[in-house]
Amino acid sequence: MPIPSPAALPIRRLTFRDLAACADLSEDRGWPREEHKWGLLLTAGKGYGIDDPDGGLVAACVVTEYGPWERTELAAIGMVLVAERHARQGVGRRLMRHVVSAMDTTPLTLHATPFGRPLYEELGFKVTGHAEMLRGHFLSGGETPQVATRAATAEDLPSILRLDEEVFGVDRTALITRLPAFADQLHVAEEDGRIIGYAAAWPNMDTHVVGPLIARDTETAKALVTSLAEHTDRPLRTDIDVRHEELVSWAKTRGLTSVTLNAVMTVGVADLPGDWTRRFAPLTVAAG
């Protein structure tokens, strides 16, 4: 029996049992395995993949849905990967078309590399912004931001969820409630007993990724990053909305250097909801 073309193989839902295969796919394309992140995305979101008859996955991606339990108001597409041996055969295009069709009229967003952007534009996505990935060992010293920060407690979670929905623009309860177990650190910024920002640092290979980073203003964002950096010896990595020019410049003076610039793209909505002035960095670009 002839082996079907990769572009004709069935697309199925992925589960947590596919974590190793997803990590293998990342490694195949020269990405880090990122098993910790894959684990979060496969449990908090919906994975889609194509099985390779010879073993492993031909392709995979993850969709993270936001909004009330009964209605998705926004979804983020991430981790779109096609195995090297099946690249340039239309597999990625077919998988993306399937996902966009499955989401029907739900507004979608994603972070696109320069390599992936032409495909997404073909599918109707438009650039609405950019995020700069920064990485490096945080250098202490200099002026200390005068904003009070501390480690979050279980009692802070309702306030964090309220602030997050206000700033992000849609309910992310299913994702944010996983932060205490997923992240190594979860800190809040306070003023007069009120939480005005929060940030997490979660392990990804040899780095700590700073995200989400939600803050009242740039000084609050600086204070949260500084407090997280004080409790790790790993390099930091984060993806800052380039409109926050002051925070990007400050991070670079503190030892972080630019890695890449990704386009933030949407379809079905002209721009992302919420208040971008307080949304400094995502939990991960894969989840919007």
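## The second largest cavity

Helix α9 (245-253) gives the most to the lining of the second largest cavity, with three residues. In this predicted model, the second largest cavity has a volume of about 30 Å³. Its lining consists of L213, V225, T238, I240, L247, W250 and A251.

Sorted by class, the residues around the second largest cavity are six nonpolar and one polar, with no charged residues.

## The largest cavity

The structure holds two cavities of 30 Å³ or more. The largest cavity has a volume of about 240 Å³. Its lining is made up of 18 residues, and those closest to its centre are H111, D241, V264, L272 and R279. Strands β6, β11 (236-241) and β13 (279-281) are the elements that give two or more residues to the lining of the largest cavity.

Which element gives the largest share of the lining of the largest cavity? That share, four residues, comes from β6. By class, the lining of the largest cavity has seven nonpolar, five polar and six charged residues.

## The largest pocket

The largest pocket holds about 1200 Å³ of space. Its lining has 39 residues, and W31, V80, L81, T113 and F115 lie nearest the centre of the pocket. Two or more lining residues come from each of β4 (74-82), α3 (91-102), β5 (108-112), α4 (117-122), β6 (126-136) and β12 (257-267).

Strand β4 supplies the largest share of the lining of the largest pocket, six residues. By class, this lining has 20 nonpolar, 11 polar and eight charged residues.

## Helix α3

How far apart are the end C-alpha atoms of α3? They are 17 Å apart, which agrees with the 16 Å that its 12 residues should span at 1.5 Å a residue.

The buried residues of α3 are V91, G92, L95, M96 and V99. Because these residues cover an arc of only 125° around the axis, they are on the same side of α3.

## The second largest pocket

The second largest pocket has a volume of about 370 Å³. A44, E65, G67, W69 and A174 are the closest to its centre among the 18 residues that line this pocket. At least two lining residues are supplied by each of α2 (35-44), β3 (57-66) and α6 (173-176). By class, the lining of the second largest pocket has seven nonpolar, five polar and six charged residues.

Helix α2 is mostly covered, with seven of its 10 residues buried. The buried residues in α2 are K37, W38, G39, L40, L41, L42 and A44. A44 is also one of the residues closest to the centre of the second largest pocket.

Is strand β9 (residues 194-204) mostly covered or mostly open? Strand β9 is mostly covered, and 10 of its 11 residues are buried.

Strand β9 pairs with β8 (residues 185-191) through seven bridges, and the two strands run antiparallel. Within this pairing, H187 stands opposite A199 in β9. β8 and β9 form a hairpin with two residues between them, and D192 in the turn has a positive phi of about 55°.

Seven bridges also join β9 to β10 (residues 207-215), again in an antiparallel arrangement. Here G197 stands opposite A215 in β10. β9 and β10 form a hairpin with two residues between them, and M205 in the turn has a positive phi of about 60°.

Technical notes. Residues numbered from 1 in each chain as written. Predicted model: local features only at pLDDT ≥ 70, side-chain atom pairs only at ≥ 80, totals over all residues. Heavy atoms only, no water. 1 Å grid on protein atoms, 1.4 Å probe; cavity = no way out; pocket = protein on both sides within 12 Å on 5 of 7 lines; lining within 4 Å. Points joined across faces, edges and corners; volume = space filled by probe spheres on them. Nonpolar A, V, L, I, M, F, W, Y, C, P; charged D, E, K, R; others polar. Buried < 20%, exposed > 50% of the residue type's maximum accessible area, 1.4 Å probe, protein only. Pairing = 2+ DSSP bridges. Expected span 1.5 Å × (residues − 1). Arc of directions from axis to C-beta.
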